[in-house]
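Please look through the sequence and the model shown here before reading on.

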Amino acid sequence: MSLEPSFDSWKEDNRSILESLDGSRNFLLYSGGKDSSLALHLMLKAGIEFGFEFEVHTAVFPVHRYIDEEIERLENYWSKRGIKITWHDVGVTDDSIKNDPDPCIACRAIRKKMLKTGLTTDMVGKSERFTIIASYSLWDIVSYSIEHLLNNIYGSDQGMLADDRKNRFLETSQRFYPLLKMNEGYSIFRPLIKLNDSDIRRMLEQEGIPTLSIPCKFASLRPKRLLENYYKALGLSFDYDQLLGFAKKSLNLPDISSYVSINKAEYLQNIF
């Protein structure tokens with residue numbers, strides 16, 4: 001990709017994937033944050049050009065970020081562009097995680113539960129071809145590689161239990177690949193996986209795309225957010241191909257074939 005990615009360069013880099021989405025039932029997972037907002041913008045433009053449609057789904061959690069005014073503001077913008085967002089009430093309040101020692105992990109578990117029960121469970125056992133579009137960025141997978149180094153390579157046995165480390169690595173390592181084309185006929189697409197945070201912010205600003213304006217009050221406790229602040233402070237940017245090469249060679253990142261044969265129910269409900 002170019003030093004400053006644009007829609008055109010992104011489109012060409014993902015052309016084969018975008019061309020395959022016509023005829024698939026496509027689900028874009030939207031949070032209102034910067035990453036999913038850019039993913040929605042890019043996929044909307046690509047859908048017009050390549051002739052595919054997609055659904056947009058949001059788990060309304062943590063609740064304090066999704067006040068009525070915020071939802072209305074985002075809906076007004078996207079509806080003018082022809083997008084309907086489905087907002088899912090997860091059935092719990094922020095009180096359920098405020099005293100948790102790691103509220104971000106608890107929050108992620110609640111949001112994933114919505115995904116499991118509200119979307120993917122509906123897909124398990126069906127022959128319908130579908131694609132889940134998730135907004136992981138290059139900075140996310142850089143942080144996953146650092147997490148693996150600290151927990152699994154440099155760390156002692158006093159940290160996470162061995163099974164927990166193994167499961168966490170399985171969960172994060174499969175996100176290094178832009179596309180997982182699973183043997184059972186469905187796919188996982190990560191359209192932002194090669195974009196640095198600075199690229200994402202620049203493209204959002206250029207296009208005037210709105211994002212949630214209420215910061216998460218638990219964000220400062222999130223290890224990934226701490227790492228992002230470090231990258232910003234040093235003005236760092238990363239190269240996807242270099243990172244993938246390092247992860248395969250030094251972190252023993254499994255080949256993509258290790259993931260595509262995982263049972264659909266197991267993958268969607270426990271790994272995705």
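## A charged surface patch

D68 counts as exposed, because its relative accessibility is 63%; exposed means over 50% relative accessible area, buried under 20%, and partly exposed in between, with a 1.4 Å probe and protein chains only. D68 is found in helix 4, which spans residues 68-80. Helices here are DSSP runs of H or I with at least four residues, strands are runs of E with at least two, and both are numbered from the N terminus. E69 also has its place in helix 4, and E69 is exposed at a relative accessible area of 54%.

D68, E69, E72 and E75 gather on the surface in a patch of negative charge. Patches are made of residues with over 30% relative accessible area and no salt bridge, like charges being joined within 9 Å and nonpolar side chains (Val, Leu, Ile, Met, Phe, Trp, Tyr) within 5 Å. Asp and Glu count as negative and Lys and Arg as positive, while His and the chain ends are not counted.

## Basis of the model

The model is predicted: local features need pLDDT of at least 70, side-chain atom pairs count only at pLDDT 80 or more, and totals for chains, interfaces and linings use all residues. Residues are numbered from 1 along each chain as its sequence is written, and side-chain values use heavy atoms, with hydrogens and water left out.

## A nonpolar patch and a helix

L150, I153 and Y154 make a nonpolar surface patch of about 340 Å²; accessible areas come from the Shrake-Rupley method with a 1.4 Å probe, and for residues only the protein chains shown count as cover. L150 is found in helix 6, residues 138-154.

Helix 7 (residues 162-173) has twelve residues and reaches 16 Å from its first C-alpha to its last, close to the 16 Å expected at 1.5 Å a residue. The expected span is 1.5 Å times one less than the number of residues. Within helix 7, R165, R168, F169, E171, T172 and S173 are buried.

## Salt bridges

Side chains of opposite charge can pair when their charged atoms come close. A salt bridge is a side-chain nitrogen of Lys or Arg within 4 Å of a carboxyl oxygen of Asp or Glu, and by this rule the count comes to 14. One of them joins E49 and K11, with the closest N and O atoms 2.9 Å apart. E49 lies in helix 3 (residues 34-50) and K11 in helix 1, so this pair ties together parts that are 38 residues apart in sequence. K11 is buried, with a relative accessible area of 10%, whereas E49 is partly exposed at 42%.

R15 forms a salt bridge with E12, the closest N and O atoms being 2.7 Å apart, and R15 also meets E19 in a salt bridge at 3.5 Å, N to O. E19 and R15 are four residues apart in helix 2 (residues 15-19), separated by about one helical turn. Elsewhere, K34, D35, D197 and R201 are linked in a network of salt bridges.

## Backbone features

Most residues other than glycine have a negative phi, and most peptide bonds are trans. F61 and P62 are joined by a cis peptide bond, with omega about 0°; P62 is in the loop between strand 2 (55-59) and helix 4.

N252, a residue other than glycine, has a positive phi near 55°. N252 has its place in the loop between helix 10 (240-250) and helix 11 (257-260), and N252 is exposed, with a relative accessible area of 59%.

Conventions: Charge placed at Lys NZ, Arg CZ, Asp CG, Glu CD.
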